[in-house]
Amino acid sequence: MQLTRRRLISAGGLAAAAAALPAAAAPAVRVRIRKFAFDPDTVSIKAGERIEWVNEDFAPHTATEADHSWDTGEMGKGGTASVLFETPGTHSYYCVYHPHMKARIVVTA
Amino acid sequence: MTFRLLSAAVLAGAMVLPAHAAEPMNDLEIAHTAYTAGQLDIRYAHLALAVSENADVRSFAETMIRDHSAVNSAAVDLITELNVTPQDNDLSRALVQGAADKRAELMGLSGSAFDCAYAQNELGYHQVVNKTVEDSFIPAVTVAPLKELLTDALATFKVHEGHAEQMVSNLQCS
Ligand SMILES: [Cu+2]
């Protein structure tokens, strides 16, 4: 069940897979996940920068765009994942496992 | 005395717990009971995945399995590191028996009757376990890493409690 759902999400996020390629350039801006919240809950970056999430909870989490256009996949405790944002825009994202966990990324030119 | 709250609330949830003596539980008993409570919730979740066709209920059950497995695997790591063996005790045994009775009851249900009974039990179960962990276990535990683990676990279980509350309200059970 879990696998099926996750597969659906990644299938829906093929663009995300491309964007999730590790970028060597700028250091990633870090967002901590702790106590079931994204910290900070709003981050502003420039196009071409990466966000890196670090999960400090026992519970596995994800960072998933509301429209599923990108998805970090599951991060266990101490797990990290990063996504490269190439174009300006605003992203609302959440954790698919704990949907009350919501946050935003603002990408400027 | 310490666990009167858990006993009373579990009783209210139609589980049967024996009356407990006034003796406080030691660290190894607390570890055993906290681990057992997680395993029991995982068993409820597997039952829900076998029976329920409601997407929200199924997704909640998957989260229970994922999160409680993560917490309990951290507990196993800690127990291994400390080289200790958790001790079975009356409260653990009562929880196991209460959950067996509840599962038997749930297995007789299907459709929205099952979903509602599962959701309400999840809410009640997390409320009772959380109150016990917060008011009794955490203050009583003497080993720092175990206290830390229970504190982090409690944060997880409280999220589950809120999620269960939401699920009960969304299901519009009578
Ligand atoms: Cu999460």
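Predicted model: local features only at pLDDT ≥ 70, side-chain atom pairs only at ≥ 80, totals over all residues.

Trainee: Why are B:Cys116 and B:Cys173 called a disulfide?

Mentor: The sulfur atoms of B:Cys116 and B:Cys173 are 2.0 Å apart. The cut-off is 2.5 Å, and a pair of cysteine sulfur atoms within it is a disulfide. The pair therefore qualifies. By this rule the count over all chains is 1 disulfide.

Trainee: What makes the disulfide of B:Cys116 and B:Cys173 left-handed?

Mentor: The torsion about its S-S bond is about -90 degrees, so the disulfide of B:Cys116 and B:Cys173 is left-handed. B:Cys116 lies in helix H5 (residues 111-140) of chain B, while B:Cys173 is in the segment after helix H6 (144-171), so the pair ties together parts that are 57 residues apart in sequence. Both cysteines, B:Cys116 and B:Cys173, are buried.

Trainee: Why does B:His68 count as buried?

Mentor: B:His68 has 3% relative accessibility. Buried means under 20%, so B:His68 is buried. The residue is found in helix H3 (residues 55-82) of chain B. Not counting residues up to four places away in sequence, B:His68 touches several residues, among them B:Asp41, B:His126, B:Phe157 and B:His160. In chain A, A:Cys95 has 0% relative accessibility and therefore counts as buried as well.

Trainee: How do you know that A:Arg30 and A:Glu52 meet in a salt bridge?

Mentor: The N to O distance between the side chains of A:Arg30 and A:Glu52 is 2.9 Å. A salt bridge requires a distance within 4 Å, so the pair meets the rule. A:Arg30 lies in strand E1 (residues 29-34) and A:Glu52 in strand E4 (residues 49-55) of chain A, so the pair ties together parts that are 22 residues apart in sequence.

Trainee: Which word describes A:Arg30, buried or exposed?

Mentor: A:Arg30 has a relative accessible area of 52%. Exposed means over 50%, so A:Arg30 is exposed.

Trainee: What makes A:Glu56 and A:Arg32 a salt bridge?

Mentor: Their side chains meet at 2.7 Å, N to O, and the limit is 4 Å; A:Glu56 and A:Arg32 therefore form a salt bridge. A:Glu56 is in the loop between E4 and strand E5 (64-65) of chain A and A:Arg32 is in strand E1, so the pair ties together parts that are 24 residues apart in sequence. A:Glu56 is partly exposed at 31%, and A:Arg32 is partly exposed at 32%.

Trainee: Where do B:Arg93 and B:Asp90 lie?

Mentor: Both B:Arg93 and B:Asp90 lie in helix H4 (residues 90-107) of chain B, 3 residues apart, about one turn of the helix. Their closest N and O atoms are 3.1 Å apart, and B:Arg93 forms a salt bridge with B:Asp90. B:Asp88, B:Asp90 and B:Arg93 are linked in a network of salt bridges.

Trainee: How many salt bridges are counted between chain A and chain B?

Mentor: The count between chain A and chain B is 0 salt bridges, whereas 8 are found over all chains. On the side of chain A that touches chain B, the residues divide into 7 nonpolar, 3 polar and 3 charged. The area buried between the two chains is about 1200 Å², of which carbon and sulfur atoms give 64%.

Technical notes. Residues numbered from 1 in each chain as written. Chains lettered and ligands numbered in written order. Heavy atoms only, no water. Buried area = accessible area lost by both parts, 1.4 Å probe. Nonpolar A, V, L, I, M, F, W, Y, C, P; charged D, E, K, R; others polar. Helix = DSSP H or I, 4+ residues; strand = E, 2+ residues; numbered from the N terminus. Buried < 20%, exposed > 50% of the residue type's maximum accessible area, 1.4 Å probe, protein only. Contact = heavy atoms within 4.5 Å.
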